[in-house]
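Okay everyone, let's get going.

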Amino acid sequence: MTKTTLKCEICNIKTCRVDNKKRDFMAKFPLDSERCKKWVKATGKEDLAYVPIEKLHQLKYICAKHFRNKDFNKKKTRLKKTAIPSLEISSTPLSDDILAEFPLSCVASSQLLPVRRTDNLQLSCRATLVSQERDRQAVPMTPRKRKLIKKLKYSQTLIKNLKKKVDKIDNIESPTLKSLIASSISNQRRKNKGKRWTKFNKTVAVAIYKKSPKAYRYLSQLLPMPSIRTLQTVLDNMKMNTGIDPTSMNHLKKKSESLSDKDKTCVILFDEIALKKRLIYNITTDKIDGYEDLGDGKRSEKIADHALVIMLQGVHKSMKQPIAHYFVKGTIATEKLAIIIKDVIRAITEAGYEVIATVCDQGPTNMGALNLLKTWGHSTEPHYFFLDGKKVFIIYDVPHLFKSIRNNFLQAGEMIMDNKKGKWAHLIKLEEKNSSTLHFKKISKLHVNPKFRTKMKVKLAAQILSNTVAAILKLQAESVENQGERQEILQTAYIVEDLDQLFDCTNGPASRSDIKRNIRQNVSKNSFHHKRWIEFKMKLKTLHFLKSDSQLRLRNIRCINGYLITLSSLQDIWTYLNTVKNFKYMNLRQFNQDALENLFGQIRQHSPTNRNPTCHHFTSALKSAILTRLSAPLSKGSNCQEDYNEIIVDFQDIVFPKKNYHPVKHTENATEADSYHVEVDDFQDVPILHIVENTEQQNYLADIEKKFKKFENQPTVYVSGYLASALLKGVECLKCINALRVSNPQTNTIYNYIALREWWTDKTSLTYPTLPLCKAIDDATHLFDTIIKPHIFYENIRNYFKTEILTHLDISWMCDVHKNVMIDKLLERVSLLLIRNHCKQNNRSFALSEEASADAVKKAQQQGFAK
């Protein structure tokens, strides 16, 4: 027998609890804060005001004589929730000042309830002593309560440790690693096909996979990553056809509603990237990628080897967006390009933006298309054209122009500008001197004698024609050994210095850290550009190149005229932006092709050594680049500087839509045919040829057998066996099996090739097709060669082929019960097999042609005929 003494806090009457049964009624202090505050106030004890409310509920009591009868329930066993002690109160009630901080949370003493800690909570020494004193007292509790308290303490400790771990995950700096860890935790008890990944996980995985599939497969073995099939599904959900992309245009239109008039001012960039000739059937779009495609169904039988890409780029706001791409053979026709530029500008205008200029290189097709647009718009000036009554200025990419000047200077040997003559030979001598004594990085053999791809490097051109090289030339001219050539070397230095200033005042700074006041900065009302542009227009008109050996003048130098057109356009653009659009600054970097060149660089980075992707790979790489917001880092050998433009359209909301799942209801009255997953009968009205009567059946099969005994028809029998094996997987219907497969093939000689392919001589492991199936495959092959091949470049080619097979072939010999299902399966297999075989044969010939061309070039290099 255990006794526990309980004491009333008002009258100090004590009573005993025997075996957890009270002899006199004693009420615990309530947990309700307002009601408990009134109880503490009634006791008149200041100590209780500093005891946490949880401790009051556990350890403090008031006896029944301090409550009115109406405060109890009918049985007098429990107080009502509104009961407050009001009878026989001898002590003076506590003041409101003492109870100002009541109630206190259980911080220092309570270990039973998970109360959140607060930093500003201060317990007085008196309250702490009271709590410690009450903790020493034995608390009446049953074994069940002790067990629950122990479990509660364990749960609290576990939650505390888990919170620490979660805090560690939240403190991870890398958002990619943080997201991967969170997804791994949520997927750890799920099966492989039941794992769920966030948008961010899938986007990062696509970027890694397209960078290097081999590296992604290795990472998947080390870390939990989305499957490759998941990534393929992501890209399949991202619809992007050739021509002007309607998805991008719709989102650009919505985005324009939240942009200011300045932010909607933009230019369009267009350029081509070389592709590899390959044909790849795209089962998602049901067309063969690799043919010339100008969008809107304008496909031809020509094999594409270039892709034309058009990009929108902001002038005031740092933004960019690829909006159209086309596949062409060679370079696109001039008139077609002019029409495309016109259509793209009109589409952008309809979306709410204003195109003020076009930016491209000086390719003959580009210049021809722009000249054609000037003719159509009746333009009187060479640096703009009219479209729908508005001026569109023409800008040629400044880095390309500067590189062309270097190439002409290198080719000719001498350059005259503003009555000064520069000689490339001085740069060659400087390189020879530098390699032995000076060791400047900007002067090397690659700079003075570039070959192959190094001629395309803008970086090398900018470094050899820089202010640093001009200063070294001036220093060299002052040396004693060069006194005879002093004036000539100085003139070369002045020309190099002028070219460097020309590049700086037309290309602008790459970032804020790249700004050099009065040398390289953004255009403003009072900046040096306006004076320099006028000076350089005068100097460029005097620029010409001379052959160093014959002093003959080079003709038809397009880069000089291109630079003059670009300078005139920049002058007029600044006047328009400053006076009409109220621009205070103009960033010249928004008028070059760096953003488009960086996109091409990212596409080439997808998979190692993918310099010339196929049409199919180009589309896939373009999708993944846009999906990852063009955020891949530039390669080490990139031909342009990084642009800081952000992509406008976020395709993640398009690719990862919120799915509404509708469970499929299965009925109990399912027939055998339902197991073949057929819902609609699409073949009831299909015309078929003459159905052979039973009297003619033997002669008909005999003719077929005689045909397939020939050597050249044996592959058709073997392929028919493969198709029969694929169609009969999981099929238990005897009629279907007998219609497609022969059970006793030993008596027929048409199966000789298949018999020779058997692995074992004592039993059959391969599938032997029936004669009607062989006849159907042979007829389908002939139909493909005669009807489908001339139109193989069409869209929806597979559906077109299936329709032709149904129209021309006799397939009445199939099982009557599952006829529609088996015909559908057969058509899917046959059409896919023949289309892919057609692509494979063409790709083999393309590869052989490329190999022969590469061998010829290599032999010429070895013999010294090619550089």
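So, a cluster of rings: Phe 25, Phe 29, Trp 39, Phe 67 and Phe 72 are linked together by ring pairs. Keep in mind that this is a predicted model.

Zooming out for a second, how many aromatic pairs does the structure hold? There are 14 of them. One of these brings together Phe 67 and Phe 72, two members of that cluster. Their ring centres are 6.3 Å apart, with 80° between the planes. Anything over 60 degrees counts as edge-to-face, so that's what we call this pair.

Are those two buried or exposed? Phe 67 has a relative accessible area of 3%, so it's buried, since the cut-off is under 20%. Phe 72 comes out at 10%, and that makes Phe 72 buried too.

Now here's another pair: Tyr 794 with Tyr 800. The centres are 6.5 Å apart and the planes make an angle of 40°, which puts this pair in the tilted group. And how accessible are these rings' residues? Tyr 794 is partly exposed, at 37% relative accessible area. Tyr 800 is partly exposed as well, with 26%.

Last topic, charges over rings. Which ring does the charged end of Lys 391 sit over? That's the ring of Tyr 384, and the distance to the ring centre is 4.4 Å. Then there's Lys 262, whose charged end sits over the ring of Phe 583, 5.9 Å from the centre.

Conventions
Residues numbered from 1 in each chain as written. Predicted model: local features only at pLDDT ≥ 70, side-chain atom pairs only at ≥ 80, totals over all residues. Heavy atoms only, no water. Phe/Tyr/Trp six-rings, centres within 6.5 Å; stacked < 30°, edge-to-face > 60°. Buried < 20%, exposed > 50% of the residue type's maximum accessible area, 1.4 Å probe, protein only. Lys NZ or Arg CZ within 6 Å of the ring centre and 35° of its normal.
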